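Visitor: I would like to learn how to read a sheet and a pocket. Please take me through an example.

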Amino acid sequence: MRVLLVGPSRARDALRAQLLDSSIDIAGEFASADEARQSGLAADALLMALEPDPASRRRAASEVVEEPLTARELEVLELLAEGLANKAIAERLHISDQTVKFHVAAILGKLGVANRTEAVRVAVRRGLIAM
C-alpha cells in the first residue's frame, strides 16, 4: 500500500520508524492533508502522524474539523460499496484509474479509515450512503 504521510515533522519521523518493516510504502510526506492532496502523488491513503506527547494529541484532536466528502467522492464511495474495482469505477465514471485512486485516498483520509471496507462501513453508519 502506498501512503502519503501527513503531520508535524517529529510525528512523521516517529511514525516512519514504526513503518520500516511493514509493507507500507511512503510516497511522500506533508505537513497538512491539503498539501498532500494537492501534491498529485499517487497513493492509496493519507496516513496521519500525531504528536507523540499526550498534551499535543489532545490539542490536535480538539482542532480536527471533519471535512465533508465531495459529490464525486460520494459517487466513488457508492461504487466501492457495490464492490467495484478501481478500473470498473473509472470506466463507469469516465475518469482515469489514477483519478479513482486519488478519490479513494481522499475518502479514506476524510473518513479516518485504513481501507475500502472500513470506508463503506463508516459511510453506511454515518448515513452517507445506503446499501
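Visitor: Which element gives the most to the lining of the second largest pocket?

Guide: First, some ground rules. This is a predicted model, where local features need pLDDT of at least 70, side-chain atom pairs count only at pLDDT 80 or more, and totals for chains, interfaces and linings use all residues. Residues are numbered from 1 along each chain as its sequence is written, and side-chain values use heavy atoms, with hydrogens and water left out. Now the answer: E3 gives the most, with four residues. Strands (E, at least two residues) and helices (H or I, at least four) are DSSP runs, numbered from the N terminus. Helix H6 (97-111) also supplies at least two lining residues.

Visitor: How do strands of a sheet pair?

Guide: They pair through backbone hydrogen bonds, either parallel or antiparallel. Two strands count as paired if DSSP finds at least two bridges between them. Here three strands form an open sheet, ordered E2-E1-E3, with parallel pairing. E2 (25-30) and E3 (45-48) are the edge strands, each pairing on one side only.

Visitor: How many bridges join E1 to E3?

Guide: Four bridges join E1 (residues 2-6) to E3. In one of the pairs, Leu4 has Leu46 of E3 as its bridge partner.

Visitor: Which classes of residue make up the pocket lining?

Guide: The lining has ten nonpolar, two polar and no charged residues. Nonpolar means Ala, Val, Leu, Ile, Met, Phe, Trp, Tyr, Cys and Pro; charged means Asp, Glu, Lys and Arg; the others, Gly among them, count as polar. Among the lining residues are Met1, Leu46, Leu108 and Gly109.

How values were computed. On a 1 Å grid over the protein atoms alone, a cavity is a set of points where a 1.4 Å probe fits but cannot get out, and a pocket is an open set with protein on both sides within 12 Å along at least five of seven lines; lining residues have an atom within 4 Å of a point.
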